[in-house]
Amino acid sequence: MSVEVPTGERGPAALVQSVDRALEILEFLAGRGEAGVTEIAAELGVHKSTAFRLVAVLEGRGFVEQLADRGKYRLGFGIVRLAGAAVAQLDLAQEGRRVCEELAADVGETVNVAILDSGRAVNVTQVRGSATISTHNWVGHGTPLHATSSGKVLLAYAAVPVRKEVLSDPLERFTEATVTDPDVLERQLSEIAVRGWGATVEELEIGLNAVAAPVRDPDGQVIAAVSVSGPSFRLSPESLDGLGSRVVAAADELSRRLGYFG
């Protein structure tokens, strides 16, 4: 958020204070329902011009809106958007955990749920299966889209600009099997969209294979991927087809729990 502050008050402390005041405005409007700039300035203990600048920034982001007939402000739909996103993430983590536990018990391997964030696949839930030896926790860690099963699935269903950006950048090589040719990756993404699941064979780490399938929100948009990963001696390339169908079933179950019934 960029907020203009008076000369002599610029600097990190002033910016933090401006953010704090903006949040105070949102809390004030949440409690009052609506208020004018004069009322807001009095509540914050600031000059009316300062309150107006803060409200203008919030209005520009859709967090507040002006009531044309009364000149007052109330919370805008930007708040609804953020609240909806927060609830969706909480639901994804909670319901994803349950699905991961069921799938991990079924296949005995590590199961993750990942989302697309800042050009990476970020794991938000992980459950280890009975056969898992590794203790590495991937929750909160970002992994490359082009070298992981979750990443490829998320990329296969991502918006065109996102795909173009990834395919236009150099693709880092992690192993000899890593796909670094954008044309080859593009073909793989098209195959994933048709087949409904994706896989990687020692593309991120030697000896590690994985399968992933898409998770959809109530509108049918792909918002996450469920994956199963394990050592190549257990998850052989020949076994990935059969595993793929089980991962798809788990991803579909999570989609249903999130409200998708397509």
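Predicted model: local features only at pLDDT ≥ 70, side-chain atom pairs only at ≥ 80, totals over all residues.

Trainee: Which residues of α3 are buried?

Mentor: Helices (H or I, at least four residues) and strands (E, at least two) are DSSP runs, numbered from the N terminus. In α3, the buried ones are T50, A51, L54, V55, V57 and L58. Look down the helix axis and these residues fall within an arc of 155 degrees, so they line one face of α3. That arc is taken from the directions from the helix axis to the C-beta atoms.

Trainee: What do the buried residues of α3 pack against?

Mentor: Contact means heavy atoms within 4.5 Å. Here the partners are α1 (12–32), α2 (37–44), β1 (64–67) and β2 (72–75). After α3 comes G62, with a positive phi near 80 degrees.

Trainee: Now the charges. How many salt bridges does the structure hold?

Mentor: Side chains of opposite charge can pair when their charged atoms come close. The cut-off for a salt bridge is a side-chain nitrogen of Lys or Arg within 4 Å of a carboxyl oxygen of Asp or Glu. The structure holds 13 of them. Take K72 and E39, whose closest N and O atoms are 3.7 Å apart. This pair links distant parts of the chain, with K72 in strand β2 and E39 in helix α2, 33 residues apart.

Trainee: Are K152 and E203 buried or exposed?

Mentor: Both are buried, and their side chains meet in a salt bridge at 2.7 Å, N to O. K152 lies in helix α5 (residues 149–156) and E203 in the loop between β6 (198–201) and β7 (208–216), so the pair ties together parts 51 residues apart in sequence.

Trainee: Where do R257 and E253 lie?

Mentor: Both lie in helix α8 (residues 240–257), four residues apart, about one turn of the helix. R257 is partly exposed at 29% relative accessibility, and E253 is partly exposed at 25%. Salt bridges that share partners join E95, R98, E102, E253, R256 and R257 into one network.

Key
Residues numbered from 1 in each chain as written. Heavy atoms only, no water. Buried < 20%, exposed > 50% of the residue type's maximum accessible area, 1.4 Å probe, protein only.
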